[in-house]
Amino acid sequence: MGNRLLSILFASAALAATAGLAEAKTVIHVMHQGDPGWVKAYGDVAKRFEAANPDIDIELIYAPHDAYNEKFSAAVMAKQLPDVMELDAPFLANYVWSGYLQAVKPLLDQDLLDDMTDSNISQGTYPIDKELYAIGLTDSSVVLYGNRKYLEAIGARIPKSVDDAWTREEFEGYLEKLSKLEGVKWPIDTFRGYGIKTEWITYAYGPLLESAGCDLIDRTTWTAGGTLDGEACVKALTMMQTWVKNGWVVPTSSGTNQFYAEGQPAALAMGGHWFYAEAAAAMKDDIVVMPLPKIGEKGVSPNGTWIWGISATSENPEAAGKFLSFMLKDRDYRDYARSQSAYPGLKSFAAESPLYAEGGPLAIAFEQASKTAVARPPHPAYPTITSAFMQAVDKIFNGGDPQEALTSAARKIDEDIEDNAGYPPFDAQQ
């Protein structure tokens, strides 16, 4: 056998071995949303994971935020669910009830599970079996931002903690004073410009209504009639409609971010924690971060954000869990999240985030997580609940009758639950 023939055989053997290695690779499909910065962060962490785990490839599937649910539904219809999926926390109960997700505790690193905040555990837990189905590095909240120069001009009291939140009387009194202050075009931006295609109205406005004694559904009987269209909700939505009628709220047509836009025409902003980075950069020492006002007897704030689950149909759940554990501990990924003022969902991430530490500018936002945060209704009918509620609020803000709009919304929700036979076993939870 000549040397040339030996070389050919060795080369063939090497190619066969390479082909075998390629065939042996595990591919994990990861579906996500996010702005360009986050999309790059996911791509970078995927490359680092592949370098550390050469037997696993990560294939990222991007879906635009506003069209995410449609793309997810298409994947369900095609029976092509990804191995790992990002999901909005209040939709978790629907996904688990529908059989799309599997419990993740056995698939994630134990130190990561031990590191979760109570709110993070809550947003990822299915209420029926109490199992954890999703996890996130982050959580979320909404606070009341104020322009210091305007607040000082009207002599407003500036709360120092969640326990010190403005009452309804103070809040409405300040709105009225601000409406008459030179330089202020609108007393408050509630980000109506986000519209009703996102989760914003339910996420951000719901807590104000719950503070006033309202709720989207009775969380014991799981019926909306008598609760969403009850006296407390009608009064609460009438209150907010009055703010709009008075011209105190930035209209939808003016977009968002009127709080720190040129001339700073809005004196207050009811905004998410993610709003802080840009607002603080624009306003410097003039920005004030306060808790959401206490409309009734108790303060309420939102929680829940986009978290990560593993599909029930994944053929490689261990590798999917390995990627999630890697990503949530990855130093560069955490550094990017911190640069975006991300709200901590892990205790170790909170310790690394001076924004949220005691004395930090967003400490009040983190304080809300332990004192006033209330999750949106954890029920499989949530997609219908939030859609019906947002349409009702939109009608009311545009001059519709609150009782009529809320009764219509409650009827839609109860019909959906009835059409699904009460979503058993939720029907037996009473």
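I looked up S353 first. Its relative accessibility is 3%, so I count S353 as buried, the cut-off being under 20%. I note that this is a predicted model.

Where does S353 sit? I found S353 in the loop between α14 (347-351) and α15 (363-371). Next I asked what S353 is in contact with, leaving aside neighbours within four places in sequence. I got R338 and P344.

**Disulfide**

I searched the whole structure for disulfides. The search gave one. I then looked up its partners, and they are C214 and C233. I read 2.0 Å between their sulfur atoms. A disulfide is a covalent bond between the sulfur atoms of two cysteines.

Which hand does the disulfide of C214 and C233 have? I noted a torsion of about 95° about the S-S bond, so this disulfide is right-handed. I placed C214 in the loop between α9 (200-211) and α10 (231-245), and C233 in helix α10, so the pair ties together parts 19 residues apart in sequence. Are C214 and C233 buried or exposed? I have C214 down as buried, and C233 as buried too.

**Cavities**

How many cavities of 30 Å³ or more does the structure hold? I noted three. The largest cavity has about 40 Å³ of space.

I then listed what lines the largest cavity. I wrote down T202, Y203, P207, E210, P302, N303, V374, A375 and R376. I sorted this lining by class and got five nonpolar residues, two polar and two charged.

Technical notes
Residues are numbered from 1 along each chain as its sequence is written. This is a predicted model: local features need pLDDT of at least 70, side-chain atom pairs count only at pLDDT 80 or more; totals for chains, interfaces and linings use all residues. Side-chain values use heavy atoms; hydrogens and water are left out. On a 1 Å grid over the protein atoms alone, a cavity is a set of points where a 1.4 Å probe fits but cannot get out, and a pocket is an open set with protein on both sides within 12 Å along at least five of seven lines; lining residues have an atom within 4 Å of a point. Grid points are joined across faces, edges and corners, and a volume is the space filled by probe spheres set on the points. Ala, Val, Leu, Ile, Met, Phe, Trp, Tyr, Cys and Pro count as nonpolar, Asp, Glu, Lys and Arg as charged, and the others, Gly among them, as polar. Helices (H or I, at least four residues) and strands (E, at least two) are DSSP runs, numbered from the N terminus. Buried means under 20% relative accessible area, exposed over 50%, partly exposed in between (1.4 Å probe, protein chains only). Contact means heavy atoms within 4.5 Å. A disulfide is a pair of cysteine sulfur atoms within 2.5 Å.
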